[in-house]
Amino acid sequence: MHQENRAATGTGSVTGRALGVLEAFSPAAPVLTLTEISRRTGLPLTTAHRLVNELAGWGALERGPEGGYRIGLRLWEIAALAPRGLGLREVALPHLSDLARVTGENVQLAVREELCVVYVERLAGCASVPVLTRVGGRFALTPTSVGRVLLAYASADVQERALAQRHVRYTERTECDPARLRQVLAEVRQTGVAVCERQVTMDSVSVAAPVHGPGHEVVAAVSVVAHVETVPAHTLVPLVQVAAAGISRALGAVPPPPGARARKRHLGAGGSRIRTDRKVTRPSGAPDSPMSTGTGP
């Protein structure tokens, strides 16, 4: 649970308690009884009953056919107004669909919320590698390619706070050393792309690129997650960059100065080395992109 469970001691505002009730629900527990809500929040049963009734009356909660409660549709309607949520998703979806069609792999769109990645959209391929992410779910920044992109372009304060956290080792290859991660973030800023191999699962490789907003600030990241043994990472780099550039243009991103753009194209999509757990070199004769979507760099 994310809440601090202050209800049991009688502290916390009414709003905080109501939010605590909503936060009691999770992907593992999408339906809860009143007793379970009381236990998870630390609220007395009578208080939980009153808050649940108020939330259900407004539409934030719904009562299921078996008597349990679940998140209500009204809450989803309100959440749809978030510009970094469904608004971003609607703009990006045509480009994500093109990327998914061309690669046949998992395609993801994510934003940063404090020190976590929040996934706004995920399109799964028919025979794609299993992933641990879900739409609306959170994940650590450093082991994911989208997280590394978002962290690389975040402020120095955010980067240091993220690197100071205790890093979860998902596989034997997960990079947890802060010094090495600083080097990785510098390489992401230099190349404009992040490649993570066997960082979250031993059978996956992910490639991500930044999505820019109107002021050319990085507002999101798009990635492809594929089978590490069957899909060379360097073949995904130009495809992801094309999709990210298309979403950026759709968001009204101001292009960088010509010199910076040329340098980025040379580093990110030319013959430069894209760092992962090993160095991957894109063949110099590789095409910029096989996607004919009108979203090229």
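# A chat about a predicted protein model

Guide: The secondary structure of this protein comes to 10 helices and 10 strands. Helices (H or I, at least four residues) and strands (E, at least two) are DSSP runs, numbered from the N terminus. This is a predicted model, where local features need pLDDT of at least 70, side-chain atom pairs count only at pLDDT 80 or more, and totals for chains, interfaces and linings use all residues. Residues are numbered from 1 along each chain as its sequence is written, and side-chain values use heavy atoms, with hydrogens and water left out.

Visitor: What is the mean pLDDT of the protein?
Guide: The mean is 81, and 79% of the residues reach 70 or more. pLDDT is the predictor's confidence in each residue, from 0 to 100.

Visitor: Where is confidence lowest, and where is it highest?
Guide: Lowest is strand β10, residues 279-281, with a mean of 37. Highest is α6, at 97.

Visitor: Which residues stay under 50?
Guide: Residues 1-11 do, and the model has 16 contacts for them beyond four places in sequence. Contact means heavy atoms within 4.5 Å. Over residues 261-297 the pLDDT is also below 50, and that stretch has 78 contacts in the model beyond near neighbours in sequence.

Visitor: Back to α6. Is the helix buried or exposed?
Guide: 8 of the 8 residues of α6 are buried, so the helix is largely enclosed by the rest of the structure. Buried means under 20% relative accessible area, exposed means over 50%, and partly exposed is in between (1.4 Å probe, protein chains only). Among the buried residues are Ser145, Gly147 and Leu151.

Visitor: What caps the N-terminal end of α6?
Guide: Thr144 does. A side-chain oxygen of Thr144 lies 3.0 Å from the backbone nitrogen of Gly147.

Visitor: And where does Thr142 lie?
Guide: Thr142 is in the loop between β5 (138-140) and α6 (145-152). Thr142 is buried, because its relative accessible area is 8%.

Visitor: What does Thr142 touch?
Guide: Leaving out residues up to four places away in sequence, Thr142 touches Arg148, Leu151, Leu163, His167 and Leu181. The side chains of Thr142 and His167 are joined by a polar contact of 3.4 Å. A polar contact is a pair of N or O atoms within 3.5 Å; within protein, one must be able to donate a hydrogen and the other to accept it, and residues adjacent in sequence count only if both atoms are side-chain atoms.

Visitor: New topic. How many salt bridges does the structure hold?
Guide: There are 11. A salt bridge is a side-chain nitrogen of Lys or Arg within 4 Å of a carboxyl oxygen of Asp or Glu.

Visitor: Which side chain meets Glu114 in a salt bridge?
Guide: The side chain of Arg161 does (3.9 Å, N to O). Glu114 lies in the loop between β3 (106-113) and β4, and Arg161 in helix α7 (residues 156-164), so the pair ties together parts that are 47 residues apart in sequence.

Visitor: What about Arg161 and Asp157?
Guide: Their side chains meet in a salt bridge too (3.3 Å, N to O). Both residues lie in helix α7, 4 residues apart, about one turn of the helix. Arg161 is partly exposed at 35% relative accessibility. Asp157 is partly exposed at 48%.

Visitor: Which residues form a nonpolar patch on the surface?
Guide: Leu132, Val168 and Tyr170 do, with about 270 Å² of accessible area together. Patches are made of residues with over 30% relative accessible area and no salt bridge: like charges are joined within 9 Å, nonpolar side chains (Val, Leu, Ile, Met, Phe, Trp, Tyr) within 5 Å. Accessible areas come from the Shrake-Rupley method with a 1.4 Å probe, and for residues only the protein chains shown count as cover.

Visitor: Is Leu132 buried or exposed?
Guide: Leu132 is exposed, because its relative accessible area is 55%. Leu132 sits in the loop between β4 (116-123) and β5.
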